[in-house]
Amino acid sequence: MKRLTFWPQAYLGLTFNWGALLGWAAVKGTLEPAVVFPLYLSGVFWTLVYDTIYAHQDKEDDLKVGVKSTALRFGDSSKEWITGFGIACISNLAISGFNAGIGWPYYAFLAAASGQLAWQILTVDLSYRADCNRKCVPLLFKEFILDLTTTGFFFFFLG
């Protein structure tokens with residue numbers, strides 16, 4: 001995809017997060033669009049956050065070999081784009097939780113995750129490879145924890 005479009009991170013997000021739809025259908029036996037589509041979109045936006053940060057590590061190499069990425073597309077506006085994707089991710093998680101009828105503990109964890117995500121976006125130095133790596137790797141770990149937490153809340157509260 002990096003040879004075809006500046007949006008390979010979006011393609012990754014659309015394919016990688018397909019599991020939200022499949023997992024929900026497998027466990028619940030149906031899709032509840034008001035719950036599962038915002039959940040899916042939150043994963044797509046999350047992928048755009050961490051993979052755009054990750055792509056900034058490789059932007060010089062990408063230019064040399066002629067491939068594309070959101071890091072190259074957004075350039076100096078990357079932080080604004082990443083911030084927007086982060087807001088869209090958290091907003092969709094909130095919408096999904098609301099539509100699922102999940103209680104306040106879910107939102108407490110979501111608020112904590114939002115604060116940590118905001119700190120990482122605000123402090124990442126996109127021109128410094130090592131800092132991008134330092135911020136990206138914890139984002140991947142947090143994605144795993146956020147996925148477990150979200151899944152746990154959904155299945156604990158919704159049976």
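A residue is called buried under 20% relative accessible area, exposed over 50%, and partly exposed in between, with a 1.4 Å probe and protein chains only. By that rule Asp 51 is buried, with a relative accessible area of 13%. Asp 51 sits in helix H3. Leaving out residues up to four places away in sequence, Asp 51 touches Gln 9 and Leu 12. A contact means heavy atoms within 4.5 Å.

This is a predicted model, where local features need pLDDT of at least 70, side-chain atom pairs count only at pLDDT 80 or more, and totals for chains, interfaces and linings use all residues. Residues are numbered from 1 along each chain as its sequence is written, and side-chain values use heavy atoms, with hydrogens and water left out.

**Overall fold**

The chain has eight helices and zero strands. Along the sequence the pattern reads α-α-α-α-α-α-α-α. Helices (H or I, at least four residues) and strands (E, at least two) are DSSP runs, numbered from the N terminus. Of the 159 residues, 40% are buried. Take the contacts between residues at least 6 apart in sequence: 70% of them join residues at least 24 apart. The chain exposes about 8300 Å², and carbon and sulfur atoms supply 68% of that area. Accessible areas come from the Shrake-Rupley method with a 1.4 Å probe; for residues, only the protein chains shown count as cover.

**Helix H3 and the annotated spans**

An unreviewed UniProt entry lists residues 35–54, 81–100 and 140–158 under "transmembrane region". UniProt positions follow the numbering used here, feature names are shortened, and annotations may be inferred rather than shown by experiment. Residues 35–54 are 100% helix and 0% strand, with end C-alpha atoms 29 Å apart. Residues 81–100 are also 100% helix and 0% strand, and their end C-alpha atoms are 28 Å apart.

H3 (residues 33–55) has 23 residues, so it should span 33 Å; its end C-alpha atoms are 32 Å apart, which agrees. H3 is largely enclosed by the rest of the structure, because 17 of its 23 residues are buried.

Ile 87 lies in helix H6 (residues 78–100). At 53% relative accessibility, Ile 87 counts as exposed. Ile 87 and Trp 46 are 41 residues apart in sequence, yet 9.5 Å apart in space, C-alpha to C-alpha. Leu 4 is in the segment before helix H1 (8–16). Leu 4 is exposed too, at 65% relative accessibility.

**Charged pairs**

A search of the whole structure finds two salt bridges. A salt bridge is a side-chain nitrogen of Lys or Arg within 4 Å of a carboxyl oxygen of Asp or Glu.

| Salt bridge | N to O distance |
|---|---|
| Arg 129 and Glu 60 | 3.9 Å |
| Asp 61 and Arg 129 | 2.8 Å |

Asp 61 lies in helix H4 and Arg 129 in helix H8, so this pair ties together parts 68 residues apart in sequence. Salt bridges that share partners join Glu 60, Asp 61 and Arg 129 into one network. Arg 129 is partly exposed, with a relative accessible area of 41%. Glu 60 is partly exposed at 38%, and Asp 61 is partly exposed at 33%.

How values were computed: The expected span of a helix is 1.5 Å times one less than its number of residues.
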